[in-house]
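Please look over the sequence and the model shown below. The paragraphs after it go through some points of packing.

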Protein chains: 2
Amino acid sequence: MTSPRQIHLGVSMRNPYHIAAWRHPDAPSRAEIDLDNYVQVAQIAERGKFDMAFLADGVGVRAKEHAARHMVAHDIVNFEPLTLLGALSMVTSRIGLIATASTTYNEPYHIARKFASLDHISKGRAGWNLVTSWSEAEALNFGLEQPPEKLGRYDRAAEFVEVVKGLWDSWDEDAFPMDKASGTFFDPSRMHVLDHRGRHFTVRGPLNVPRSPQGRPVIIQAGATDRGREIAAAHADVIYAASQTLAEAQAFYRSVKDRMPKYGRRPEQLAIMPGFSIIVGATEEEAQRKFRVLQDLLDPQVGLMMLYNMVGDFSGYDIDGPVPRLDAAPQVRSEILYGIAEREKLTIRQLYERIAVSRGHHSVVGTPEQVVDEMEAWFTQGGADGFNILPPHLPGGLADVVDMVVPELQRRGLFRKEYEGTTLREHLGVVVAPGERSSQPFQGEVA
Amino acid sequence: MTSPRQIHLGVSMRNPYHIAAWRHPDAPSRAEIDLDNYVQVAQIAERGKFDMAFLADGVGVRAKEHAARHMVAHDIVNFEPLTLLGALSMVTSRIGLIATASTTYNEPYHIARKFASLDHISKGRAGWNLVTSWSEAEALNFGLEQPPEKLGRYDRAAEFVEVVKGLWDSWDEDAFPMDKASGTFFDPSRMHVLDHRGRHFTVRGPLNVPRSPQGRPVIIQAGATDRGREIAAAHADVIYAASQTLAEAQAFYRSVKDRMPKYGRRPEQLAIMPGFSIIVGATEEEAQRKFRVLQDLLDPQVGLMMLYNMVGDFSGYDIDGPVPRLDAAPQVRSEILYGIAEREKLTIRQLYERIAVSRGHHSVVGTPEQVVDEMEAWFTQGGADGFNILPPHLPGGLADVVDMVVPELQRRGLFRKEYEGTTLREHLGVVVAPGERSSQPFQGEVA
């Protein structure tokens with residue numbers, strides 16, 4: 001990493017995190033299915049010198065019921081992320097491009113190949129956000145009634161990421177002399193055949209893509225369970241965390257970084273980036289006014305649907321009464337929300353209003369100075385290495401951050417004024433050492 | 001289709017079909033892994049008003065042995081096609097973009113989603129070349145020792161394509177009013193849930209991509225077996241055929257078109273486009289000189305490897321002796337090659353020299369007039385609706401076709417001078433009727 005230590009910034013391009021964002025007067029209502037909107041968002045983030053732009057994803061219409069006319073845009077329709085990032089790589093030049101892909105409904109060879117290809121096409125800017133897919137809607141599109149149970153999903157994920165990294169190491173940098181005169185296209189001694197035989201996968205390799213510009217594309221992980229933290233400590237370059245308070249963020253940060261040495265990794269090889277919903281205005285009053293515009297667009301039916309997707313069904317209860325604890329197995333995310341409701345003594349309506357803006361992530365509404373004060377506190381007090389910005393609506397909410405928050409970060413010396421490198425790993429300061437390999441050299445016969 | 005009947009043209013962007021193409025003095029040796037080369041090829045083809053540009057593909061290092069240093073470039077390393085076509089969609093505006101994807105090693109939901117996404121991103125120019133994957137190298141990357149046997153692969157493919165088409169029909173064109181004022185994002189009565197339960201797949205749907213600009217992306221099929229012809233007759237908009245002679249082409253053409261009525265389809269709803277390897281020069285002598293440059297770059301070791309991949313192992317036989325019939329189950333492709341060898345009484349060396357240029361496809365070496373004479377004969381005598389051009393090397397071999405052959409086709413009124421439509425289906429004249437659907441309207445409860 002550069003010295004002094006710098007904040008890393010990402011932006012979620014797909015989830016304008018406020019649930020009524022699509023109804024915002026300045027937002028394109030067709031944002032999720034409008035290529036030009038994505039182009040604009042990626043270019044604004046690049047103008048802001050962001051490390052990366054990120055596409056959340058699911059392989060299904062993820063709302064649990066096909067019921068509400070008012071459903072959240074990105075949970076219904078969007079574009080497949082790799083195809084979209086291929087396109088965005090042609091209209092940007094520096095910003096990292098992150099796609100989400102499931103380890104539950106994919107094969108590792110396909111995933112290794114797609115991200116290695118995107119890394120070549122984007123000249124070293126690809127990243128993979130590894131998810132295990134929780135929704136029933138996705139399971140039903142792949143021949144299952146329910147998603148596999150959580151431990152099984154994480155077990156598969158842990159092996160999956162080993163296979164993908166091994167496939168990315170299939171070829172040395174100098175494996176392809178492509179010498180026309182001698183007719184030597186490749187050098188077999190520079191090829192590494194993985195020959196993986198595991199519990200979930202048997203994959204021979206090698207990958208049919210040369211070693212990519214970053215050596216290995218960046219790996220991002222977001223799961224907060226114990227098993228998820230282990231996978232992150234062992235493999236991830238970035239974590240998208242979800243913490244409501246600095247204290248929570250600090251506990252999570254320590255918990256993950258403390259696990260790294262046992263995998264032979266240094267804490268600075270992993271950037272922990274909590275989600276930050278930011279609504280910024282020149283004055284506090286302006287920021288609050290922007291916030292109210294969004295909250296006023298929130299339909300109670302949508303609020304209940306959101307709670308239904310995140311916690312459970314509150315539709316039989318008084319919307320202005322206290323939040324009851326439903327009879328269901330505790331989940332990390334639902335516990336976070338019960339925690340907020342109990343701590344702040346919220347009604348059902350207040351809970352969905354409270355989380356509509358950020359869906360369980362930390363949210364700041366204020367002036368550039370106020371926003372950066374919070375970011376600086378989290379960054380300097382062991383809560384974060386950077387932030388995954390969740391603009392309340394796109395592209396306007398992101399432009400506000402780039403135009404107001406980024407200059408304040410730069411003024412305080414916390415964030416780059418220009419890109420120093422060209423690859424995402426260079427932005428993050430997590431370059432793969434040349435010669436770092438997870439698979440063995442090819443030992444077979446060579447003609 | 002426009003009147004008078006017009007030839008359709010495609011180009012293979014990945015397989016410079018001559019096996020020594022990468023050694024050609026004018027060819028970039030890194031063509032398969034050089035984004036700029038693909039950009040150039042797609043733009044040259046678009047300058048030539050081609051209907052489409054095509055990426056062959058496999059999910060593995062497909063050469064049977066990792067032996068020859070002189071291996072064919074595209075059989076070793078390349079980019080994943082959908083990611084690459086996402087990128088190419090941003091630097092072209094009219095030409096159709098075709099990616100190959102396997103029905104054996106993919107899930108239909110992913111394939112439906114990727115091609116629908118590419119169709120949106122390219123504004124109606126996406127096409128899927130459906131293959132079932134024959135190679136052992138691919139099987140080994142997906143937990144199998146061998147590919148599933150051929151009939152099983154085709155059985156899965158037939159169901160796969162039904163599911164994909166059904167998923168493409170998930171939403172009506174007007175399913176997303178996205179009305180900010182009323183908060184109506186989508187109209188549930190315009191949603192169609194597939195709920196497919198078949199032998200190979202159980203897929204609920206709906207697809208999380210809106211109906212795409214072409215209604216359905218174009219479907220291309222290349223298998224020449226009886227079962228492959230049935231799938232093509234039932235579903236394909238385009239066939240990439242491989243015929244050595246006009247007589248063979250006519251027989252194939254009739255055989256497929258005759259099967260269409262039983263699926264309720266008219267013969268003109270399917271364009272049959274045989275592969276044509278074209279080496280063109282201003283004079284016959286210049287064309288032959290271009291041909292010899294390539295043939296002289298062909299190493300005997302590579303020639304035998306090519307035969308090994310296509311027919312079997314001839315390495316124990318006299319390279320200048322007759323082609324022996326090897327002890328192996330007859331395959332469509334090997335039978336084609338035995339047929340050529342017997343008809344023309346070729347030695348092993350002559351056979352690989354003969355097919356090096358086109359790998360079993362028809363090949364023409366001559367002046368623009370001679371080339372177009374052949375194309376016109378195939379087109380007017382019931383052998384072809386168009387041609388998938390296999391340039392011997394890229395981008396130069398394609399530029400020759402665009403600069404010399406296309407003007408002659410246009411002069412004879414056989415090929416467009418300008419694009420008339422903007423989508424691939426408009427170029428092909430196979431537009432999907434509005435309201436054409438393969439799945440039923442959603443019947444569930446709606447809030």
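Which residues of the largest nonpolar core touch the most other members? In this predicted model, they are Leu9(A), Phe50(A), Trp128(A) and Met375(A), in a core of 92 residues. The most is given to this core by helix 5 of chain A, residues 150-168, which supplies 9 residues. In soluble globular proteins, nonpolar side chains tend to be buried together.

The next point is a contact between helices of the two chains. Two packed helices are described by the angle between their axes and the distance between the axes. The crossing of helix 2 of chain A past helix 3 of chain B is right-handed. Helix 2 of chain A makes the contact through Pro81(A), Thr83(A), Leu84(A) and Ala87(A), and helix 3 of chain B through Arg113(B), Lys114(B), Leu118(B) and Ile121(B). By class, the residues in this contact are 5 nonpolar, 1 polar and 2 charged.

Ala271(B) lies in strand 9 of chain B, residues 271-280. Is Ala271(B) buried or exposed? Ala271(B) counts as buried because its relative accessibility is 1%, and buried means under 20%. Leaving out residues up to four places away in sequence, Ala271(B) touches His8(B), Asp237(B), Val238(B), Ile239(B) and Asp385(B). Arg5(B) is 266 residues from Ala271(B) along the chain, and their C-alpha atoms are separated by 12 Å.

Terms used
Residues numbered from 1 in each chain as written. Chains lettered and ligands numbered in written order. Predicted model: local features only at pLDDT ≥ 70, side-chain atom pairs only at ≥ 80, totals over all residues. Heavy atoms only, no water. Left-handed = near helix turned anticlockwise from the far one by under 90°. Helix = DSSP H or I, 4+ residues; strand = E, 2+ residues; numbered from the N terminus. Contact = heavy atoms within 4.5 Å. Nonpolar A, V, L, I, M, F, W, Y, C, P; charged D, E, K, R; others polar. Buried < 20%, exposed > 50% of the residue type's maximum accessible area, 1.4 Å probe, protein only. Core = buried A, V, L, I, M, F, W, Y, C linked by side-chain atoms within 4.5 Å.
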